[in-house]
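Dear colleague,

Please find below the structure that I am handing over to you.

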Amino acid sequence: MEERDIEALGMRLANRAYLYRIFHIVFGAEPSKEELSVLGSNETIDAMEYLADDCRSEPLLDAVRLFASFADRAQDGGCVESMRSDFTKLFLVPGASYVRPWESPYIGKEEMLFQESTLDVRHRYAEYGFIAVEFGHFPEDHLSMMLDFLACLSTRAFDAFGEGRDDEARRILSSQKDFVESHLLNWLDRFHEALCEKDEAGVYRRFAAALHAFLVLDREFVERTLASLDEMGRGR
C-alpha cells in the first residue's frame, strides 16, 4: 500500500470515529443548543459529505441536508424546544408516540428489557473495558450506548493504525464488524419503520435512515480495510 493510500485510510478511520460520536449525540438525550450547534457545524457536514460523496446514498445525502439545517436551528430557541419535545415523546415517555430505542424488544419473543442478547452486549463491553456514562440509566443494549461503544472502538482503531499497530487495529475492527452485524443491523430497519409511523416531524426518522445507511457502508469499509491490513503486513 502506497503512502497516499495509507493517509487516505487514516482519514477514513478518523472520519468514521467522528460520525459514530455524532450519531451517539443524536440518539443519546434531548438535544441542547450546544449539541445542535455541533450537529450543524462545518466539521459534521464535511464528515457526512465525505462519506456521502463516496457512495451517493440518498439517506446519507439527506443527512447532509439535515445536519446543514441545524446551523440555523441551533439559534432558534423554539426549534430547540420542539426537538427536545420530540425526543421525549419518541424515546423517553411511553405513550402513543413511543418508540423503544434498544435492541431486545425487536429480536426477542417478548418486548422485554433484558434478554440473552443484552448479556452478550455486556460481555463485549467488558472485553474492551468500556464504561458508558449512561450505565444505570439505560439498558445496556440501548442504541445510544452501543453507538458510544462503537465510537470508542473507532477511536482506538484509528490510534492503533496511526501508531503502526495493525494487529490491534485489525482486532478492534473485526470486533466492531461483528458487533454491528449482531446487535444493530439485526433490528434498526424495524426501529426506522416505527419512527416512520410515529415521528410526525420526521427528523429522527431521517436520522435513523442515515444511521442504517452509515452502518451498512461502514461494514463494507471494515471488510475492505481488514483485507488491506492483511496485505500491508505492518506490525507483524
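The protein has 236 residues, and its radius of gyration is 18 Å; a compact globule of that length would come near 18 Å, so the two agree. Please bear in mind throughout that this is a predicted model. Along the principal axes, the C-alpha trace spans about 55 × 40 × 30 Å.

As to secondary structure, the protein contains eleven helices and zero strands. Read from the N terminus, the order of elements is accordingly α-α-α-α-α-α-α-α-α-α-α. Among contacts in the protein with a separation of 6 or more, 69% are between residues 24 or more positions apart.

The aromatic residues deserve a paragraph of their own. A search of the whole structure finds 21 aromatic pairs. In one of them, the ring centres of W187 and F191 are 5.6 Å apart and the planes stand at 65°; the angle is over 60°, so the pair is classed as edge-to-face. Both partners are shielded from solvent: W187 counts as buried because its relative accessibility is 0%, and F191 is likewise buried, with a relative accessible area of 0%. W187 and F191 also belong to a cluster linked by ring pairs, whose other members are F27, F67, F70, F87, F91, Y106, Y204 and F207.

Two loop residues were examined as well. The first topic is F130, which is found in the loop between α7 (116–127) and α8 (143–162). Is F130 buried or exposed? With a relative accessible area of 8%, which is under the 20% limit, F130 is buried. F130 and F149 are separated by 19 residues in sequence, and their C-alpha atoms lie 6.8 Å apart in space.

The other is L185, placed in the loop between α9 (166–183) and α10 (188–198). L185 has a relative accessible area of 16% and is therefore buried. Which residues does L185 touch, if those up to four places away in sequence are not counted? They are V180, H212, L215, V216 and R219. From L185 to A213 there are 28 residues along the sequence, and the C-alpha to C-alpha distance is 9.9 Å.

Finally, a helical position may be set beside these loop residues. S85 lies in helix α5, which covers residues 77–92. Its relative accessible area is 34%, so S85 is described as partly exposed. S85 and P139 are 54 residues apart along the chain, with their C-alpha atoms separated by 22 Å.

Yours sincerely

Note on methods. Residues numbered from 1 in each chain as written. Predicted model: local features only at pLDDT ≥ 70, side-chain atom pairs only at ≥ 80, totals over all residues. Heavy atoms only, no water. Phe/Tyr/Trp six-rings, centres within 6.5 Å; stacked < 30°, edge-to-face > 60°. Buried < 20%, exposed > 50% of the residue type's maximum accessible area, 1.4 Å probe, protein only. Helix = DSSP H or I, 4+ residues; strand = E, 2+ residues; numbered from the N terminus. Rg over C-alpha atoms; globule rule 2.2 N^0.38 Å. Contact = heavy atoms within 4.5 Å.
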